[in-house]
Amino acid sequence: MRSLAGWILLAAGLPGCAGGPPGSPVPAAPSPAEAPAPLDLACALGQPPDPVALRAAAAGLRSHLAHPDWQVREAATALLEGLGPDGIHFLALLHPDTDAEVAWRVRRALKRLGWPDERLVRMAAQGGATAAPLIASVLREEPIERAGPAIRALGSIAAAPAREAAEAVALDPEPRARYHAARALGLIGDRKAIRTLDRLELDADQGVRYAAAGALMRLGRSEAFEATSASLQAQAAGGGAIYFYNLACLQALAGRTEAACEWMAKAFDAGFRDIHSTATDPDLYDLRELPSWQALLRRMAGAAVREE
């Protein structure tokens, strides 16, 4: 696997890592006059890209986004959209831009990566230690459409500052803020958060408990998740579509998106018809782009029309 910096260097035509992402077209290298100076970037997975290197790579890729050849511009845009949430620092360096087409392409990539809120882009551009508390403040917001991008944002910056910022929100008196904090801690991936998540797993609010169990599962601690799942399955065996629904939520919070779709299909087959809750539940936020999830929502909508 390749680091974010390695893919960027490759796409920008810079020295660094050989090869390329499967199926991704690679733009032609810029001329020597356009190319930044050679940079020595490690390609080990998980090594944070050097800020100076990122700025140089951003300059190289920007030349492709503004290239007169449409195919080169499209290839550069495809790479931007393939960066995933980890690419937010890189994208922030390109946003905003004085060139209208570059600006449009970067905005499109940000939107497709789930970053519709430009405040978060500006925050993330400030770097991990500075950005983390700013982004974490958004975790106190509702609904999930606003907090969700911040949850992903915290998962994309340096682990220690992000974890500390999310743990501060985990002390908030509002259950929704604690819920968002638990979800963020699962994505950040710092096992030092386990103590905080153990506490949240005992929270008085059921949603917070589910979010903590899912986050612990993501961090390799399956006990809380398995215990909650076993309890819900036992209740579901006695009848009641709501327990299948809750199992779907739990699976989604743990990042098991396909399993979540399967449990929701069982809830539907058992008579669950609340499409509004299904489409807006924050537990199920990460399923929205899955074709299987969209197909299930269409089934539920069709059933609701037929039963009216």
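The protein chain contains 17 helices and 0 strands. The model is a predicted one. Of its 308 residues, 49% count as buried. The chain exposes about 14300 Å², and carbon and sulfur atoms supply 54% of that area. Among contacts with a sequence separation of 6 or more, 61% involve residues 24 or more positions apart.

The packing of one helix pair was examined. Two packed helices are described by the angle between their axes and the distance between the axes. For helix α13, spanning residues 223–237, and helix α14, spanning residues 241–253, the angle is about 160° and the axes are 9 Å apart. Because angles over 145 degrees count as roughly antiparallel, α13 and α14 are assigned to that class. Their crossing is left-handed. On the α13 side, the contact is formed by Phe225, Thr228, Ser229, Leu232, Gln233, Gln235 and Ala236. These residues meet Tyr243, Phe244, Asn246, Leu247, Leu250 and Gln251 of α14. By class, the contact of α13 with α14 comprises 7 nonpolar and 6 polar residues, with no charged residues.

Two alanine positions were considered next. Ala211 lies in helix α12, which covers residues 206–218. Its relative accessibility is 2%, and Ala211 therefore counts as buried, the cut-off being under 20%. Apart from neighbours within four places in sequence, Ala211 is in contact with Tyr179, Ala182, Arg183 and Leu253. Another partner, Leu253, falls within the residue range of α14.

Ala170, in turn, is placed in the loop between α9 (159–169) and α10 (175–188). With a relative accessibility of 0%, Ala170 is likewise classed as buried. When neighbours within four places in sequence are set aside, the contacts of Ala170 are Arg178, Ala181, Thr196, Arg199 and Leu200. Of these, Arg178 and Ala181 belong to the range given for α10. Between Ala170 and Arg199, the separation is 29 residues in sequence and 9.6 Å in space, C-alpha to C-alpha.

Key. Residues are numbered from 1 along each chain as its sequence is written. This is a predicted model: local features need pLDDT of at least 70, side-chain atom pairs count only at pLDDT 80 or more; totals for chains, interfaces and linings use all residues. Side-chain values use heavy atoms; hydrogens and water are left out. Axes are lines fitted to C-alpha atoms, for helices over the stretch in contact, and angles run from 0 to 180 degrees between N-to-C directions. Helices (H or I, at least four residues) and strands (E, at least two) are DSSP runs, numbered from the N terminus. Angles under 35 degrees count as roughly parallel, over 145 as roughly antiparallel, 65 to 115 as roughly perpendicular and the rest as oblique. A crossing is left-handed if the near helix is turned anticlockwise from the far one by less than a right angle, and right-handed if clockwise. Contact means heavy atoms within 4.5 Å. Ala, Val, Leu, Ile, Met, Phe, Trp, Tyr, Cys and Pro count as nonpolar, Asp, Glu, Lys and Arg as charged, and the others, Gly among them, as polar. Buried means under 20% relative accessible area, exposed over 50%, partly exposed in between (1.4 Å probe, protein chains only). Accessible areas come from the Shrake-Rupley method with a 1.4 Å probe; for residues, only the protein chains shown count as cover.
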